[in-house]
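Trainee: I would like to go through this model residue by residue. Please show me the sequence and the structure before we start.

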Amino acid sequence: MGVKARKKAITKKLKKGASDFSASSASKDEAREFLPLEGGPAQKLPKTELKENKATVLYIGRIPHGFYENEMEGFFKQFGTIKRLRIARNKKTGKSKHFGFIEFESPEVAKVVAETMHNYLLFEHLLQVQLIPPEHVHPRLWKGVNRWYKPLDWVKIERKRQDKERTLDDHKKLVEGILKRDKKRRKRIEAAGIDYECPEMVGSIQAAPKKIRFDAD
């Protein structure tokens, strides 16, 4: 076989292989989209399915002082209907913890709010607004959302505790505590090299009860 005949046979084989490969690909109905760098057969890119946005709850962080429930509702209702909102508060003082949650009726509105209000400068605070997926919403997230917290009057409670009537034993413990703290204070002053004579605590020295003597008849 001559050189020309050999070249002709090789070309024929290559064409046949190419046609077989294209036919097999067409029969499988799979569009080969790229060839791997390390070699091997062509591979198909995985199909990415766009997940439908169903998140309606937003986390809002770095809430400034004074921007509370009423102010938040008045500000965010310009985007759409609000179902509920909640600001995390301290259980004892009732003060804001500077983060909260808000829920809209429409997922589209929630997405617009997240994109618009994230890093929005409000009263020198950059708001942190993020969507919370429905599967990550805690079931107790909205506990007490409709109950307005009334902070305790700790001044009144402490005044009542200080003004309560004390028994003799309670008064004795109170004086002992005062004297103990005064003794530590005197030691610290003496250790510091300060020449100072601390005055005596009023009520620290109690007179001994008088003995009543009855004359025998």
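**Contacts and salt bridges**

Trainee: Which residues does Ser96 touch, not counting residues up to four places away in sequence?
Mentor: First, the ground rules: this is a predicted model, where local features need pLDDT of at least 70 and side-chain atom pairs count only at pLDDT 80 or more, while totals for chains, interfaces and linings use all residues. Residues are numbered from 1 along each chain as its sequence is written, and side-chain values use heavy atoms, with hydrogens and water left out. Contact means heavy atoms within 4.5 Å. With residues up to four places away in sequence set aside, Ser96 touches Tyr68, Ile87, Ala88 and Arg89.

Trainee: Is Ser96 buried or exposed?
Mentor: Ser96 belongs to strand β3, residues 96–104; strands (E, at least two residues) and helices (H or I, at least four) are DSSP runs numbered from the N terminus. Buried means under 20% relative accessible area, exposed over 50%, and partly exposed in between, with a 1.4 Å probe and protein chains only. Ser96 has 13% relative accessibility, so the label is buried.

Trainee: With which residue does Arg89 form a salt bridge?
Mentor: The closest N and O atoms of the pair are 3.0 Å apart, and the partner of Arg89 is Glu69. The pair links distant parts of the chain, with Arg89 in strand β2 (residues 82–89) and Glu69 in helix α2 (residues 69–76), 20 residues apart. Arg89 is partly exposed because its relative accessible area is 24%.

Trainee: Where in the chain are the two residues of the Glu103 and Arg84 pair?
Mentor: The side chains of Glu103 and Arg84 meet in a salt bridge at 2.5 Å, N to O. This pair links distant parts of the chain 19 residues apart: Glu103 is in strand β3 and Arg84 in strand β2.

Trainee: Which residues are linked with Arg84 in a network of salt bridges?
Mentor: Glu103 is buried, because its relative accessibility is 7%. Arg84 has a relative accessible area of 33%, so Arg84 is partly exposed. In the network, Arg84 is linked with Lys83 and Glu103.

Trainee: How far apart in space are Val145 and Arg84?
Mentor: Val145 lies in the loop between β6 (128–132) and α4 (154–162). Leaving aside neighbours within four places in sequence, Val145 is in contact with Arg84, Leu85 and Arg86. Val145 and Arg84 are 61 residues apart in sequence, and their C-alpha to C-alpha distance is 7.5 Å.

Trainee: Why are Arg186 and Asp182 separated by about one helical turn?
Mentor: Their side chains meet in a salt bridge at 2.8 Å, N to O. Asp182 is buried at 8% relative accessibility, whereas Arg186 is partly exposed at 26%. The separation is about one helical turn because the two are four residues apart in helix α5 (residues 168–191).

Note on methods: A salt bridge is a side-chain nitrogen of Lys or Arg within 4 Å of a carboxyl oxygen of Asp or Glu.
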